Amino acid sequence: MESFIRHLKHGVIDENPTFVQVLGMCPTLAVTTSAVNGLGMGLSVLVVLTLSNLLISLVRKVVPDKIRIPAFIVIIATLVTVIDMILQALFYDTLYQSLGLYIPLIVVNCIILGQAEAYASKHGPLDAAVDGFSMGLGFTLALTALGAVRELLGSGTLFGFTILPNAFPKILMMLMAPGGFFVLGILMALFNFIRNRKDKDSHRAESGKEAF
């Protein structure tokens with residue numbers, strides 16, 4: 001349990017793919033015009049990341065180094081194709097049409113391939129799956145938060161439900177690319193400010209214990 005919590009903290013806070021590592025910016029800025037889109041893309045990446053890490057860890061000892069990267073891409077592409085077909089079959093009028101081309105592009109998402117090469121290929125299946133889940137969860141939460149802010153300020157809704165009254169001025173720029181960059185920068189700064197402040201507080205607490 002402690003290892004699982006540590007992995008979660010690592011993926012969601014310490015090495016958040018969006019706010020700390022600044023990875024996967026293309027889908028992050030393109031699909032987060034609403035909270036539903038951000039959640040849908042994030043969950044798609046989470047499933048692919050978790051399963052690809054698990055499968056890559058299972059075959060890591062039998063795949064020759066010369067074809068390691070192509071083998072990883074084949075595994076990831078297969079999983080992405082399955083996710084794409086599921087979304088097309090079950091959520092065609094909602095998520096699939098909104099996310100469009102960005103679902104197949106998960107194959108070349110640097111978060112997934114980077115985790116496969118840096119972690120899954122060097123650790124056991126359970127650790128690899130948990131690591132993939134934690135990184136995917138961090139990515140999902142970041143995209144959902146970004147989409148929620150942009151949707152609320154740009155449309156006055158949240159997950160499709162009206163939150164702000166019609167009299168409240170809508171900032172249409174938030175639904176465009178400049179608004180995406182602006183909200184991302186604000187959330188990134190706020191996230192890292194809180195994270196760094198907590199780190200400093202924990203260091204001070206540890207120093208106080210040692211001095212005592």
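In what order do the elements of the chain run from the N terminus on? The order is α-α-α-α-α-α-α-β-β-α, that is, eight helices and two strands. Helices here are DSSP runs of H or I with at least four residues, strands are runs of E with at least two, and both are numbered from the N terminus.

Some ground rules. This is a predicted model, where local features need pLDDT of at least 70 and side-chain atom pairs count only at pLDDT 80 or more, while totals for chains, interfaces and linings use all residues. Residues are numbered from 1 along each chain as its sequence is written, and side-chain values use heavy atoms, with hydrogens and water left out.

Now the chain as a whole. The C-alpha trace spans about 60 × 60 × 25 Å along its principal axes. Of the 212 residues, 40% count as buried, meaning under 20% relative accessible area with a 1.4 Å probe, protein chains only. Take contacts, meaning heavy atoms within 4.5 Å: among those between residues at least 6 apart in sequence, 77% join residues at least 24 apart.

Pro-125 sits in helix 7, which covers residues 125-155. Why does Pro-125 count as partly exposed? Because its relative accessibility is 29%, and partly exposed is the range between buried, under 20%, and exposed, over 50%. Leaving aside neighbours within four places in sequence, Pro-125 is in contact with Leu-54, Ser-57, Leu-58 and Arg-60. Arg-195 lies 70 residues from Pro-125 along the chain, and their C-alpha atoms are separated by 29 Å.
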